[in-house]
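This report looks at one residue and its surroundings, then at the sheets and at the chain as a whole. The sequence and the model are shown here.

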Amino acid sequence: MFHFQDKIPPINYVSHIASNLERYPPQDWLVASSLPSNFNAITIQMVLEQLVPNNSRIFWASKQFEGQTNEIEPWYGTAFSVEKIKDDLVKQWAVSQPDARLGLPLPNMFIPTDLTLKQMEEKVEHPVLLWKSEFSRLWYKPDTMFFTPKAYVKLDFNCPESNCSPEAEVLTQIFTMLLMDYLNEYAYYAKVAGLSYGIHHTDTGFQVTIVGYNHKMRILLEKILEKIVHFEVKEDRFSVIKENVLKEYLNYKFQQPYQQAFYYTSLLIKHRMWQRNEFLEVLPHIEADNLMKFVPQITLRTFFECYVSGNMTSKEAEFLVQDIEESFFKGHVAPSKPLFPSQHLEERIIRLDSRTNHYYPVEGLSEKDENSALLHYIQLEQDDSKMNVQLELFVLSAKQAAFHQLRSVEQLGYIVVLMTRNDSGVRGAQFIIQSTVKDPAQLDLRVEAFLKMFESKLYAMSDDEFKANVDALIDVKLEKHKNLREESHFYWREIEDGTLKFDRKKIEVDVLRKLTKQDLINFFDNYIKLGSPGRRKLTVQVYGSSHSGAYKLARSIDISSNKDVCNGKKVTSDTSDREILKDDTVKLASSDQPADVNSGELAEYQGKCIHDIYSFKRSQTLFGSLRSGVNQAYN
């Protein structure tokens, strides 16, 4: 296993080695945690002799101890007690016989014994569509870079019934969590043998992922598929999982405000997405028999997309998919039928209108959290290579200046980030700020002020600085994947989004090398700066308890009748009350004297308040799905 250890990011490697410093002597710092130690019967016996009742310490966390504790933990205020185990109980343990179920583990069926590297028929550089039927598609990418006896397999099941309602999505989540729970009997054996797996629900169904040594991977996959095809609901485990899901939903209110802003942004721009409060409403009424009736419906009609990469031949990959098709669609008790053409679920994204400035004010979920948050989102187009690199170059050029101005100089908050966004191939830029200093509407003004300031910086940028930024972005794109998992994540994102630009890095580097400073300026002028003709902006404003008054004002304003409003802030149109948007301040044009963009001034900074999420979404058009006839793979 040591010889085939995957490369990991340097920061993770350093952290891992640092933890070894306190455990091992210097000569073993690099390898001790990876190499097995020599067998030493004396040491093992010494450890076993310490595993006696007199040396036991028990930690027990439970709600049933509420009101029975006598101490408070000083950092988090957790109530607890410390009690000595009674001598009679210790003596009882000492004389009792071991549980009959306690014994040595069975032989590990997942340990690989064949670490041979397969001879690949073709040295393909990118994934190829190897198999397509009414039941599935298979993407195949042999290992041509890492040369380890490992493979990566992902199965993405498209199940229309899985999220047709909030109840269906909750049931699908419980279904996938129960599958993981049932597979715990194999989890330890798989981990020791260098195999990892995961099952989770998605917006269109559920996914199964397996990574690790390929020799015994098929055995693990068969165990997983058996649990899916012959799924049963065990009421005791259902109750445990249901409680865990409820805790997960209830804990949403304790998320940081900026995390809540991410959630609301996705809710606003994704065509199909249920709200968390709907999950909380339906979950208490879901019982085990509901799940038992629902699970056959999930896979009644389905289609799965498969990605196989690593140390597997193309024939092995095809046999794997054929076996899965046999299990789900062709066996004596086949639970599934192929999807109708109209049933294929695809992600669609709301297309904001040009020259729009929508904002959604909402109260933070925790009354005790004083922090407010802003997510300032500028939407662009759908996977255009030139626009993609211009966006990334803008973010690379501006993020350090944004951090310096908004955090270091203005000290708006600890969290200040400028980053790109990708929703099913639809690109955009987003500013995220969390603050107790200013309310979200004021934070939005500061972002606009920064963009005005950066406009001057961009226009004055030297050719050398521009070239340095371009070269830095090229270096990032040309950085090689560190391991099979990282490479597979990159290619799967192309498949999942429907973009299928497996040579994206080369394409975008070629575009970057031809890009000019004027191209970047034109991009900024057309899409980013305030008043630009192609600008499509949405801000999510999460108001903390310290800004509750500002929230009430933002919600009370009716944009259609009050034009002297900018993103929830009432603004007087008197010239003396205007802030001048120049350098690090903001200019607000009045309704009767709009700014003249052609004369170098800014367009009116007026926002449209989103009062109802679904009314807003119904009023907008949609981007087309990239998983369509444009790409031959989907025909």
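Gln207 lies in strand S7, which spans residues 205–213; helices (H or I, at least four residues) and strands (E, at least two) are DSSP runs, numbered from the N terminus. The model is a predicted one, in which local features need pLDDT of at least 70 and side-chain atom pairs count only at pLDDT 80 or more, while totals for chains, interfaces and linings use all residues. Residues are numbered from 1 along each chain as its sequence is written, and side-chain values use heavy atoms, with hydrogens and water left out.

Is Gln207 buried or exposed? Gln207 counts as buried because its relative accessibility is 4%, where buried means under 20% relative accessible area, exposed over 50%, and partly exposed in between (1.4 Å probe, protein chains only). The side chain of Gln207 makes a polar contact of 3.1 Å with the side chain of Asp156 and another, of 3.4 Å, with that of Glu496. A polar contact is a pair of N or O atoms within 3.5 Å; within protein, one must be able to donate a hydrogen and the other to accept it, and residues adjacent in sequence count only if both atoms are side-chain atoms. When neighbours within four places in sequence are left aside, the residues in contact with Gln207 (heavy atoms within 4.5 Å) include Lys154, Leu155, Ile199, His200 and Trp492.

## The sheet that holds S7

Strand S7 belongs to an open sheet of 6 strands with mixed pairing, in the order S3-S4-S8-S5-S7-S6. Its edge strands are S3 (128–132) and S6 (195–202), each of which pairs on one side only, and neighbouring strands of this sheet are turned by 15° against each other on average, direction ignored. For such angles, axes are lines fitted to C-alpha atoms, for helices over the stretch in contact, and angles run from 0 to 180 degrees between N-to-C directions.

Two strands pair if DSSP finds at least two bridges between them; S6 and S7 run antiparallel and are joined by 8 bridges. Within this pairing, Ile199 stands opposite Val208 in S7.

S11 (residues 372–382) runs antiparallel to S13 and is joined to it by 9 bridges, with Gln430 of S13 as the bridge partner of Tyr377. S12 (residues 415–423) pairs with S13 in the antiparallel sense over 9 bridges; here Arg421 is the bridge partner of Gly428, and Asn422 that of Arg427. S12 and S13 form a hairpin with 2 residues between them, and Ser424 in the turn has a positive phi of about 50°.

## The chain as a whole

The protein chain has 19 helices and 18 strands, and 46% of its 635 residues count as buried. Among its contacts between residues at least 6 apart in sequence, 79% join residues at least 24 apart. The accessible surface comes to about 33,800 Å², of which 53% belongs to carbon and sulfur atoms; accessible areas come from the Shrake-Rupley method with a 1.4 Å probe, and for residues only the protein chains shown count as cover.
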